[in-house]
Amino acid sequence: MTFTRAQGLATRSIHGHGFKDAHGSPHMPIYDTSTFTFETTQDVLDAIEGRKLGSFYTRFGLNPSIFALEETLAGLEGAEMAWVFCSGMAAETALFLTHGRQGIIGIGDAYGGTMELLSSQLPELGIPTRLILGSELDQLDELLAEGAGMVFLETPTNPTLELFDIEAIAERAHAHGAILVVDNTFASPVNQQPLALGADVVVHSATKYLGGHSDLTAGTLMGSKELLGPIWNWRKNLGSMPAPATASLLARSLRTLVVRVRQQNASAQTIAESMEKHQSVRRVYYPGLANFPGHELAKRQMQGFGGMLSIDIEGGGEAATRVADRLKLFALAPSLGGTESLATQPCTTTHHGLPHEERVRRGIEDGLLRLSVGLEETNDLIADLEQALA
Ligand SMILES: *Cc1c(COP(=O)(O)O)cnc(C)c1O
């Protein structure tokens with residue numbers, strides 16, 4: 001049987017590159033090549049004038065290791081096409097500079113770098129931006145009527161796992177001629193497919209679940225040819241192409257994405273249920289818990305509840321710091337999505353730059369500890385949390 005895009009996600013993550021190697025390699029080898037050669041001047045002109053698309057120059061993305069990776073990435077989100085970048089932030093920057101110039105409305109919490117772009121760097125370039133909280137969603141239509149061309153959100157968010165209804169917000173954005181961009185890093189394509197719910201572009205920090213081993217930095221955009229086409233020139237001239245070796249490492253990681261994330265989902269669910277019963281834990285933030293405010297929406301728009309959860313420690317910020325410092329198996333680090341479990345106290349890392357009142361307004365308690373559940377034995381992770389909480 002041959003590969004088709006209609007096959008399941010695990011099949012697409014392995015065979016989706018659509019590549020058949022002359023030497024029988026089952027996957028794309030690393031083309032560690034910056035410039036590709038031509039037989040004749042006519043061949044060079046055919047490439048430059050766009051008559052023959054193929055390998056040319058790696059910074060342009062015209063390298064077989066990049067092509068193969070982008071085919072696989074597009075298949076993961078059911079997108080017409082995908083572009084790969086040297087980081088998640090490089091992907092977002094190229095996207096905002098191409099399609100955000102009429103204005104961007106950011107909803108809810110977002111990654112620190114995204115917040116910096118939206119709150120200060122893009123406005124410095126004259127790009128109007130507005131940031132609203134989930135509790136201020138009633139302002140969205142009014143803001144859209146002012147002419148913003150893009151709505152941007154993450155769901156679930158960092159670190160309170162707030163969920164947004166992708167389908168409903170896409171409808172509201174489209175009614176005003178704006179596009180909806182969803183940063184799907186936290187959920188991964190295994191747990192959520194925003195394009196199928198009406199989003200126009202999906203962003204990933206591939207550094208997280210797609211890479212999955214804390215050993216590479218990359219980003220990607222997925223969407224239609226119409227929207228992604230014009231981004232190509234920005235990527236090319238910002239020079240934000242990953243090295244072919246990184247592209248190949250990411251393609252290698254994607255082949256195990258589905259088994260990794262499904263195991264992380266199961267482990268996080270067990271840990272969340274265990275932490276919910278712990279006397280030193282005030283509250284657990286996890287979409288898979290029946291009493292979590294976003295649970296019904298999660299059941300509707302997600303296929304799995306993810307490997308990220310946060311716990312609010314009894315005793316506040318100082319108590320949470322003590323727990324964080326006592327953890328032995330969970331490493332202290334602000335990233336996520338790898339095989340190693342990580343813990344971070346947002347008020348000391350990802351949200352350290354925000355004033356205390358602003359953190360409180362966003363529901364980010366000082367006692368919050370965010371956990372990225374890795375692939376260790378679940379019982380060992382629970383034992384580590386219990387000894388740290390004791
Ligand atoms: C890490 C992250 C980013 C930025 O990605 P980099 O690869 O570090 O540039 C963007 N969005 C989310 C949700 C992230 O977690």
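Predicted model: local features only at pLDDT ≥ 70, side-chain atom pairs only at ≥ 80, totals over all residues.
Local features require pLDDT of at least 70 and side-chain atom pairs count only at pLDDT 80 or more, whereas totals for chains, interfaces and linings use all residues. Residues are numbered from 1 along each chain as its sequence is written, and side-chain values use heavy atoms, with hydrogens and water left out.

Helices are DSSP runs (H or I, at least four residues) numbered from the N terminus. The axes of helix H4 (residues 88-99) and helix H10 (residues 231-238) come within 9 Å and cross at roughly 130 degrees; axes are lines fitted to C-alpha atoms over the stretch in contact, and angles run from 0 to 180 degrees between N-to-C directions. H4 is therefore oblique to H10, a term for angles that are not under 35 degrees (roughly parallel), over 145 (roughly antiparallel) or 65 to 115 (roughly perpendicular). In H4, Thr-93, Ala-94, Leu-95, Leu-97, Thr-98 and His-99 are in contact (heavy atoms within 4.5 Å) with Ile-231, Trp-234, Arg-235 and Leu-238 of H10.

With a disulfide defined as a pair of cysteine sulfur atoms within 2.5 Å, the count is zero. Cys-86 counts as partly exposed because its relative accessibility is 31%, while Cys-347 is buried, at 11%. Buried means under 20% relative accessible area, exposed over 50%, and partly exposed in between (1.4 Å probe, protein chains only).

Gly-75 lies in helix H3 (residues 64-76) and is buried, at 4% relative accessibility. Apart from neighbours within four places in sequence, Gly-75 contacts Arg-5 and Arg-12. The C-alpha atoms of Gly-75 and Met-222 are 9.2 Å apart, although 147 residues separate the two along the chain.

Key: Helix = DSSP H or I, 4+ residues; strand = E, 2+ residues; numbered from the N terminus.
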